[in-house]
Amino acid sequence: MYESALIAAGFAFAWLGLHWYRRRALLLSLAESAARLADGQQVRTSTRRMDGAIGELSRAIDAASRRVVERERRLHSDLRQMRVVLDGMADAVLAVDSRGRLTFANATANRLFALDAHSIQRLIVELIREPKIQNAVATSLAAGGPYRGEIAVTNLDTLGRVHERVFEAHGSSLPGEATTGIVLVLHDVTELRRLERTRRDFVANASHELKTPLSSIKAYTETLLDWGLEDPDVNVRFLTRINEQADRLHQLILDMLSLARLDSGDSGWERRPLAVVPAVEGYVESHRARAESKGLTIVFRTTSISRADAIMGDEEALRQIVDNLIDNAIKYTPEGGRVEVGCRLAADEIRIEVSDTGIGIPRDELPRVFERFYRVDKARSRELGGTGLGLSIVKHLTQALEGRVEVESRLGRGSTFTVYLPRPAVAEAGVAAARPAAAHA
Ligand code: ADP
């Protein structure tokens with residue numbers, strides 16, 4: 001009896017020992033799962049179906065694992081989206097840690113400073129040689145936050161040409177501990193600054209151009225009032241000058257208004273098929289008397305183009321383009337010279353050429369003649385009644401008609417200005433062909 005009690009107690013101890021051992025093994029396996037979970041790995045415990053405390057603990061670990069995995073997936077997707085957004089920005093974005101090492105650069109920054117994945121964790125001073133950028137980073141890091149300044153960055157292109165770009169730089173501290181670092185955003189304002197400069201130059205030039213004829217008018221008027229009224233010869237001479245200067249002022253104001261209309265994009269030009277040959281022929285005829293009175297020959301010729309061939313455009317715009325070019329050709333061609341106006345059909349465009357045998361334009365001045373108020377010879381242009389705006393208007397008008405204008409010239413031999421204008425699509429051309437016939441009817 002006593003023996004059997006001992007045996008039973010022995011069994012009980014052995015069972016308890018086994019049970020304790022098994023429970024310990026299960027708890028160790030759960031502890032291992034929890035450690036893997038803490039490491040960010042997905043876990044699935046084998047004891048999740050068990051009853052009691054171990055089963056409950058397992059299910060809690062599995063549920064936590066599912067939530068962690070889901071959160072991580074969402075985080076990755078958010079990060080990917082953020083990366084796409086940052087890479088799509090036109091601004092360059094650089095993140096730099098407190099030791100001056102690059103921690104992030106978006107696609108624009110990569111392009112601008114030739115950075116790549118290997119640049120991450122390298123020192124900014126090694127990666128970006130531009131002292132002003134280095135200074136912006138250092139200042140922003142030292143201040144532990146806000147920085148604002150304008151930075152000009154010079155780049156060499158593949159042909160070795162220098163390009164300067166101007167950036168507005170904004171530095172701010174990254175959220176987190178004080179040592180996290182800063183983010184520098186560079187916003188390209190090159191075009192804005194260029195436009196501001198152009199506007200300033202335009203205002204300065206326009207004021208000067210307006211002042212010149214006004215000063216003349218005032219001087220002649222004062223002289224007349226002082227003593228000139230008594231002398232009939234002086235009267236006529238001075239009033240003629242006043243009239244010329246008033247005409248010049250009038251032309252200048254008309255040209256400035258044309259440019260202002262073109263700049264505002266509120267030109268109101270029509271876009272419809274317009275037969276070119278009859279129109280240009282008419283413009284040439286309207287200049288014939290003036291050209292011939294100056295002893296010039298003026299001719300109009302067509303090459304492989306019919307009277308019905310059309311451009312998409314506005315008659316007033318076309319008139320201003322061709323008038324300005326013929327006017328210049330007459331102005332800058334000395335007596336005995338020749339002005340030739342031609343229309344030619346090319347595949348999908350019509351070319352209008354205005355050439356002369358005049359004074360020509362020096363090669364290095366050619367790219368500038370389309371700038372506002374630019375004149376090769378200021379005195380000569382003024383004397384001939386030029387405003388310095390004609391070619392600028394021609395350029396803007398051709399662009400408004402989706403075309404372009406080019407110039408070739410040889411000093412002392414003459415110049416050729418060629419305007420290229422697109423032809424209407426096939427369906428629209430039918431309307432153009434029908435129009436002249438309808439007009440005759
Ligand atoms: P402007 O009113 O002075 O003629 P434009 O803008 O029409 O102004 O032309 C700019 C400058 O380009 C002129 O001042 C002149 O120096 C030069 N230019 C334009 N057309 C000709 C041409 N056909 N022959 C020679 N020079 C020209």
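Domain bounds here come from an automatic or database domain assignment. The model is predicted.

**Exercise 1. Identify the domains of the protein chain and describe the contact of domain 3 with domain 4.**

Solution. 
Step 1. The assignment divides the protein chain into domain 1 (2-84), domain 2 (88-188), domain 3 (190-266) and domain 4 (269-441).
Step 2. Between the C-alpha centres of domain 3 and domain 4 the distance is 26 Å. To their contact, domain 3 contributes 15 residues and domain 4 contributes 14 residues.
Step 3. The two domains bury about 1400 Å² between them, with 65% of this area on carbon and sulfur atoms. On the domain 3 side, the residues that lose the most area to domain 4 are Arg248, Leu259 and Leu262, which together account for 37% of what that side buries.
Step 4. The rule also finds two salt bridges across the interface of domain 3 and domain 4.

**Exercise 2. Characterise the largest pocket by its volume and by the residues that line it.**

Solution. 
Step 1. The volume of the largest pocket is about 1100 Å³. Its lining comprises 49 residues, and Asp327, Asn328, Lys331, Gly386 and Thr387 are the closest to the centre.
Step 2. At least two lining residues are supplied by each of helix H7 (232-264), helix H8 (276-293), helix H9 (315-331), helix H10 (378-383), helix H11 (390-400) and strand S12 (414-422). H9 provides the largest share, 10 residues.
Step 3. By class, the lining of the largest pocket contains 15 nonpolar, 17 polar and 17 charged residues.
Step 4. Domain 3 (190-266) and domain 4 (269-441) each give at least three residues to this lining.

**Exercise 3. Determine where the second largest pocket lies in relation to domain 3 and domain 4.**

Solution. 
Step 1. The second largest pocket holds about 640 Å³ of space. Among its 21 lining residues, Arg194, Thr198, Arg199, Phe202 and Arg372 lie nearest the centre.
Step 2. Two or more residues of this lining come from each of helix H6 (190-226), H7 and H11. The largest share, eight residues, belongs to H6.
Step 3. The lining of the second largest pocket consists of eight nonpolar, four polar and nine charged residues.
Step 4. Because domain 3 (190-266) and domain 4 (269-441) both give residues to the lining, the second largest pocket lies between them.

Methods: Residues are numbered from 1 along each chain as its sequence is written. This is a predicted model: local features need pLDDT of at least 70, side-chain atom pairs count only at pLDDT 80 or more; totals for chains, interfaces and linings use all residues. Side-chain values use heavy atoms; hydrogens and water are left out. On a 1 Å grid over the protein atoms alone, a cavity is a set of points where a 1.4 Å probe fits but cannot get out, and a pocket is an open set with protein on both sides within 12 Å along at least five of seven lines; lining residues have an atom within 4 Å of a point. Grid points are joined across faces, edges and corners, and a volume is the space filled by probe spheres set on the points. Helices (H or I, at least four residues) and strands (E, at least two) are DSSP runs, numbered from the N terminus. Ala, Val, Leu, Ile, Met, Phe, Trp, Tyr, Cys and Pro count as nonpolar, Asp, Glu, Lys and Arg as charged, and the others, Gly among them, as polar. Contact means heavy atoms within 4.5 Å. Buried area is the accessible area (1.4 Å probe) that two parts lose on being put together, summed over both. A salt bridge is a side-chain nitrogen of Lys or Arg within 4 Å of a carboxyl oxygen of Asp or Glu.
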